[in-house]
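These are my notebook entries from a first look through a structure that was new to me. I wrote each one down as I looked it up.

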Amino acid sequence: MSELHSETALDTAYVRTEMLPEQTPPVTVSGPIKWARENLFSSVWNALMTIISIYVIYVVLVAILPWMLNGIWDAGSLNECREIRDARGGSGEHGHDVACWAVLVDRWDQLMFGFYPSDLYWRPILALALFLTAIAPVLYDSLPRKMLILTALMPFLCFWLLWGGSIWTPIVVALGFVLGWAVVKFGEGTLGSMLATIGAILVPILFWMYLTGPLISGLHSILPIGIQAVESRAFGGFLLAFVIGASGIILSMPLGVILALGRQSDLFIINKCSVIFIEVIRGVPLIVWLFTAQLLLGYFLPPGSNFDLMVRVIIMVTLFSSAYIAEVIRGGLAALPRGQYEGADSLGLNYWQSMQLIILPQALKISIPGIVSSFIGLFKDTVLVVFIGLFDPIGFSNAIRADTDWNGIYWELFIFIGLCFFICCFGMSRYSQYLERKLATDHR
Amino acid sequence: MKKSVFLGTLAIAGAAAGYASAQDGGTLAQVQERGTLNCGVTTGLTGFAAPDANGEWQGFDVGVCRAVAAAVLGDPSAVEFVPTTGQTRFTALASGEIDLLARNTTWTFSRDVDLAFEFVGVNYYDGQGFMVPRELGVSSALELDGATVCIQTGTTTELNLADFFSSNNMSYEPVPIETNAEAQQQYLAGACDVYTTDASGLAATRATFEDPTAHVVLPEIVSKEPLGPLVRHGDNEWGDIVRWTLNALISAEELGVTSANVGEIGGTTENPEIRRLLGTEGELGAMLGLDADWAANAIAAGGNYGELFEGNIGEATPIGLARGLNAQWTDGGLLYSPPFR
Amino acid sequence: MATLTDPPQPSFHFSQLIYDTRYRSLTIQVVAFILIMWGLFELVTNAIQNLSALGKDFDFGFLGNRAGYDINQRLIEYSNDSTHGRAAFVGILNTLLVAFLGCVFATILGVIAGVLRLSKNWIVGRLMTVYVEGFRNIPLLLWIIVIFAVMTEGMPQPRDFRGEDAEASMILGQSVAVTNRGVYIPNVVFTRSLGGNEMSEAADGVPAAVIPAVSFGDWALFLVALIGGIVVSGIIGRWGKAKQEATGIRPPGLFWMRAASVVLPAALVLIALGVTLDYPELRGFNFTGGVHLRNSLIALWFALSLYTGAFIAEIVRAGIMSVSKGQTEASSALGMRASWTMNLVVLPQAMRVIIPPLISQYLNLTKNSSLALAVGYMDVRSTLGGITINQTGRELEGMLLLGAFYLATSLIISAVMNVYNNSVKLKER
């Protein structure tokens, strides 16, 4: 071929003998223009969509950006904001030409911590850090398993940090769990697994009902270690949203597991009761449950007893989310291959052993994305407590607007609150998607 | 995790976060044992109750709470403010979550009798009014036929409104709104022609507008709204304390006792009523089961009625309410405290 | 150990209840049953004690008392002289209305956004991602408030429509007015109505009750005509198909015959009843006439649809991605267009994955409609669960009724959708 070529080259002068230098491809098929052609203008329809989209983005940005970026950060009240704006000459025909972000500076502490004493802000922050560290080993497999001890301790530590009071309260309550564990551990040989299980449930309950109170006060009088107690009424803003959301999810986990097992159970009564509980809770909106907590829970408690509103809300939210968690875990149980159940049976494990050792560890692991989604949902739903008079971020936005300094402020607060929620929830949903991808490859 | 975490939490909550078991003795004993007064207020109404930037509650209703706390506990700051909404306020009081509700609540027959509460007096005589933009050119509420009206839900306002329009054979379109702040927003945007609520609320709202002169409050007052603090039925001892604390504030203004002179006037004055009020003479405090200087403490907390009024909602404040019906009876108002003797 | 050598005893031992697996499950159930009953008993006795301590009784009689408050949006006759029970019913209808509208709109939005998110167009895909993530990660309550505020701030007031050089004007040939109090659209009225027509009264300056106060008989007649036409059309279609299969020739004009059989009877009924449109017009403070879709309805409807639509978009996207790529490639190999591939191959298969989570989204939307109180939409929570409870002090009864309503609605929706789900489910043998 090359021979032929070289021969013909001699007598045909119009044939090139040397290679042309490489040329850059035409602008239309390379670089940004190629990308734009392929991704934005590949057809008439696509081009139209692109133009419409760009127009929409343009309109939105023109409407919002100058207002946001020229915002005033340094003012003591809305009127001062208006004066600064007028002094800048930015006043147009509309009342709000620029944002008055100063309200966020002025009320930052309240939006974040509510009425929590300002010299104790380190406690919720530390509790949050502790919470994040403690759930890390649950969320990331690569971390050392020893950290799970911290996870088990975290609810008690966080409770103590947030509410304060005597250190003996969380320790004695935790002792109840240790007792329960001890009954299972040492009672199984002598009592048989059935009685040991019953004992593991009964002993801590009796302990909490009758011994906890005297024990706490006794220990406290011997060795008074404690930090300043904070009323739950002082909780507010995003702190409140976090506390309600996190305690709702943590407390509802065990209940959710039991309900999920109950719903899968062959025992007729237990099965039906679980189904009825789950369906009733899921069939009624959270806001109705919250009003129930506010208006009705007092009717169903023994006469004279009175929990404060936040505890009532946490109880209700726990019951509410346990029904959703139960459904998530049921999905996890159903997704396990049948062979796992049969394998556990063939090893001669009894029900609780097989659940504890074989089924639940796997089912819970594949349920984590669903649990995270439930948490996102619950966290977003905490804003509903505004309707029963708790000061969550939206509640504070109303209270702030009732102050003469900031009466009339509007968008700034809602944009800020929305942004905070977005950052938290978006982060969590990204994590849950990452986990889903990871788990999906595990099971192929 | 163990199965009974939930019950455990109940126990935790019960042990630490405010489980008040059944107690003998009335509200007074409970309040004294607890050391704080639980006082129900609004979640935020300009001038009447709202937290400021430091988280301190300020306002006219808040002043009543502080006065009661000062009278009972000697400390005006020993108050837990419990924000309540229009929906939740009565349950909070009935269930014992709060000891006293000072949340501009209208004294009506059914609330007093059917809901089993006891209104201890009136701290603000109000009435439902209408506010319209000036440019509408409306000068009377009778010209509002066919108008769209913003109202706050969960109040007596919506019942009064229905009565007013149907008795005048007019039609209207109600736009129910949950909070005052939201209703204000709707009204300013023109989503309703008229905003109706208590006249004090209208004035307070109007005062914070960018241009208050562009809005007029119509002359008609379509209802009587005596707003006052209330307690549960059946605990007359506690009811008396709140009632006479309020009366003490009102009498103090009538008698010229202010937060500035309350310290010395009891010793210097010859007026026997002042001496009885401030506990330098007689046994009034002991009859209530309180210290002799209960009323002096209440007055020292935030001043007498007049001082509370002027400091929170009076003409010197941005809200700028005139005393009107809420002047002393000697000045042509309705405030008339029974004598302290 | 001695028992091993003993002959098996037929008699029943108490310990068998615990150790014998034949009886153990029974024991557990009986114990559980007793515990649950005891718990319920405690709750009920506590409630009775607490009620009597407060001097209250348990009585639904308040539903028959005069309500005394007005409701702006009412699908049935209601005035402040009606009873609390009727107010609750008005609220129930309003809840169902917004839930139905929301479900329909959310499905449309969700399917469009889900498909567009997979679009090859980069900017459209990104825009849809922003939409989906934005709505999924911010509380619905905020969206409802924000959309409501945008509508009140962004739309013109009715008085802007007044005068020669009005700032705002009605659109679509002077028939639709978009104001910050809602949207006024023309209403269909019958001049030769069968029953009493309330709209004529509305034209006398009394604002139109709400969404049309229609005479039931007219619409019933219209519906009968329409359904009859559709049935006839079906019969014609079957006849045509049979003929085509028998002879191989499609009867000429079959499509037009079917179209006519649907349209003609309905149109005849409308003409016979003297149908006209009642246009909204500005009179006094507000527009009168026509149908007034209130801002609270629209804001709630949009917010619910946009919010749920974002979730449905994710479901649709997951459903489409679950259809294996081979299916798309095979249909391309058959020469189908992209739109045909989507409509005939991908979506029908994706439906099986989509439907179950879609049901729970519909349920969520219905429950979320209780957030209506943020914008003052008079749903059942605001009437029965709000004003009525507040005026009568009957929390226990009111909340029970409210809970029962939501529970019944949820169960009915999930039952209906499950029936549908079973009908489209892959029949495995």
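**Entry 1, chain C as a whole.** I noted at the outset that I am working with a predicted model. I began by listing the secondary structure of chain C, which comes to 14 helices and 7 strands. I then looked up burial, and of the 429 residues of chain C, 38% count as buried. Turning to contacts in chain C between residues at least 6 apart in sequence, I found that 66% of them join residues at least 24 apart.

**Entry 2, where chain B touches chain C.** How many residues of chain B are in contact with chain C? I found 31 residues of chain B in contact with 30 residues of chain C. On the chain B side, the elements that give two or more residues are helix H4 (89-94), strand E9 (147-152), helix H6 (157-167), strand E10 (172-177) and helix H7 (180-188). The largest share of that side comes from E10(B), with 5 residues. Sorted by class, the side of chain B that touches chain C has 13 nonpolar, 12 polar and 6 charged residues.

I next looked at helix H3 (residues 44-69) of chain A and helix H5 (residues 122-136) of chain C, which pack at an angle of about 45° with their axes 8 Å apart. Angles from 65 to 115 degrees would count as roughly perpendicular and those under 35 as roughly parallel, and H3(A) and H5(C) are therefore oblique to each other. I recorded their crossing as left-handed. In this pair, Met49(A), Thr50(A), Ser53(A) and Ile54(A) of H3(A) meet Ile123(C), Val124(C) and Leu127(C) of H5(C). The residues of this contact divide into 5 nonpolar, 2 polar and no charged.

From H4(C), Ala113(C), Leu116(C) and Arg117(C) meet Val124(C), Gly125(C), Met128(C), Thr129(C), Tyr131(C) and Val132(C) in H5(C). I counted the residues of this contact by class as 6 nonpolar, 2 polar and 1 charged. Looking back, I see that Val124(C) is listed in the contact with H3(A) and also in the contact with H4(C).

At what angle do helices H9 and H13 of chain B pack? Helix H9 (residues 236-255) and helix H13 (residues 294-302) of chain B pack at about 70°, with their axes 9 Å apart. H9(B) and H13(B) are therefore roughly perpendicular to each other, and H9(B) passes H13(B) in a right-handed crossing. Thr245(B), Ala248(B), Leu249(B) and Ala252(B) of H9(B) make the contact with Ala295(B), Ala298(B) and Ile299(B) of H13(B). Its residues divide into 6 nonpolar, 1 polar and no charged.

Last, I looked up helix H11 (residues 268-283) of chain A, which has 16 residues and reaches 22 Å from its first C-alpha to its last, close to the 22 Å expected at 1.5 Å a residue. The buried residues of H11(A) are Ile270(A), Cys273(A), Ser274(A), Ile278(A), Ile281(A), Arg282(A) and Gly283(A).

Definitions and conventions:
Residues numbered from 1 in each chain as written. Chains lettered and ligands numbered in written order. Predicted model: local features only at pLDDT ≥ 70, side-chain atom pairs only at ≥ 80, totals over all residues. Axes fitted to C-alpha atoms, helices over the stretch in contact; angles between N-to-C directions. Helix = DSSP H or I, 4+ residues; strand = E, 2+ residues; numbered from the N terminus. Parallel < 35°, antiparallel > 145°, perpendicular 65-115°, else oblique. Left-handed = near helix turned anticlockwise from the far one by under 90°. Contact = placed C-beta atoms within 7 Å. Nonpolar A, V, L, I, M, F, W, Y, C, P; charged D, E, K, R; others polar. Buried ≥ 20, exposed ≤ 12 C-beta atoms within 10 Å, placed from the backbone. Expected span 1.5 Å × (residues − 1).
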